[in-house]
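This briefing covers a ligand site, an aromatic pair and some backbone geometry. The structure comes first.

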Amino acid sequence: MTATITAFELSPDRGQGLARDMRVRWAFEEVGQPYDVRLVSFGEMKQPVHLALHPFGQIPTYEEDGLVLFESGAIVLHIAQRHAGLLPAQANARARAISWMFAALNTVEPPIVERSMAWVLERDEAWYGQRLPAVEGRVRKRLGELSSCLGDADWLDGAFSAGDLMMVSVLLRSKGSGLLDEYPNLCAYVARGEARPAYKRAFAAQLAVFTAGASVGRK
Ligand code: GTB
């Protein structure tokens, strides 16, 4: 049975691949599995039908054969565990790849999201300029540590894995702030992720949603 995921009917990023369905699409493409997408509006996400799938009324969700999942990390892990291509076969290497997934979501993503939410919600506040250095300092701390750990390796732990998929997805969100540019090896790492054919297919698919919406008059 083909899995169905949910995505924004109208993504605020205008199809730049920053919403969290992108990482799930990328995972499906890496393992060569088809998937269906059901688009939801902001209003629909808060209605009982969607809340039955996602307790917080968000995207993405995943449905397949009676199984319903939410949280992009859990969904990508599920895909990676069910299909070859995103997790090493060797047990310790597999556990390390999963550690990198959690590191991306639990350690690196929070300060990046905090920086991005500060820009979206607080940039007109008088105190924004005073707060920003501390917020950016927290992003720099994590990017600096990650940069040291990656060094000149292509991927975080040997071959490309779900850990890299998640880390690149998270880092992409910091691209617009300019902070990523301070770490050339991380920029190159993200570029390697974006150059993967599976990433390109996933990006094109989510961009097509925005393009189709624009052509029928949505803004
Ligand atoms: N921890 C959850 C996960 O990883 O799945 C977080 C899910 C989440 O934040 N979903 C967001 C959502 O549904 C969309 S991705 N928001 C609607 C709501 O909460 O009501 C977050 C996102 C949105 C937009 C951009 N952007 O425009 O750049 C980037 C990321």
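The notes below go through the ligand site, the aromatic pairs and the backbone. This is a predicted model: local features need pLDDT of at least 70, side-chain atom pairs count only at pLDDT 80 or more, and totals for chains, interfaces and linings use all residues. Residues are numbered from 1 along each chain as its sequence is written, and side-chain values use heavy atoms, with hydrogens and water left out.

**Ligand site**

- The ligand sits in the largest pocket (a pocket is an open set of points on a 1 Å grid over the protein atoms alone, where a 1.4 Å probe fits, with protein on both sides within 12 Å along at least five of seven lines; a molecule sits in it if more than half of its atoms lie within 2 Å of its grid points).
- Around the ligand there are 15 residues, of which Arg 20, Lys 46, Ile 59, Glu 71 and Ser 72 come nearest (a residue is near if one of its heavy atoms lies within 4 Å).
- The shell comprises 8 nonpolar, 2 polar and 5 charged residues (Ala, Val, Leu, Ile, Met, Phe, Trp, Tyr, Cys and Pro are nonpolar, Asp, Glu, Lys and Arg charged, the others polar).
- Polar contacts are pairs of N or O atoms within 3.5 Å. A polar side-chain atom of Glu 71 is 2.7 Å from a ligand nitrogen, a polar backbone atom of Ile 59 is 2.8 Å from a ligand nitrogen, and a polar side-chain atom of Gln 58 is 3.0 Å from a ligand oxygen.
- The protein buries 79% of the 680 Å² that the ligand exposes when taken alone (Shrake-Rupley method, 1.4 Å probe).

**Aromatic pairs**

- The whole structure has 9 aromatic pairs (ring centres of Phe, Tyr or Trp, its six-membered ring, within 6.5 Å).
- Trp 26 and Tyr 199 form an edge-to-face pair, 4.9 Å centre to centre with 85 degrees between the planes (edge-to-face means over 60 degrees).
- Trp 26 is in helix 1 (residues 21-31) and Tyr 199 in helix 9 (residues 197-215), so the pair ties together parts 173 residues apart in sequence (helices are DSSP runs of H or I, at least four residues; strands are runs of E, at least two).

**Backbone**

- Most residues other than glycine have a negative phi, and most peptide bonds are trans.
- Ile 59 and Pro 60 are joined by a cis peptide bond, with omega about 0 degrees; Pro 60 is in the loop between helix 3 (48-51) and strand 3 (61-64).
- Glu 71 has a positive phi near 80 degrees and lies in the loop between strand 4 (67-70) and helix 4 (72-82).

Key. Polar contact = N/O pair within 3.5 Å; in protein donor to acceptor, adjacent residues only side chain to side chain. 1 Å grid on protein atoms, 1.4 Å probe; cavity = no way out; pocket = protein on both sides within 12 Å on 5 of 7 lines; lining within 4 Å. Phe/Tyr/Trp six-rings, centres within 6.5 Å; stacked < 30°, edge-to-face > 60°.
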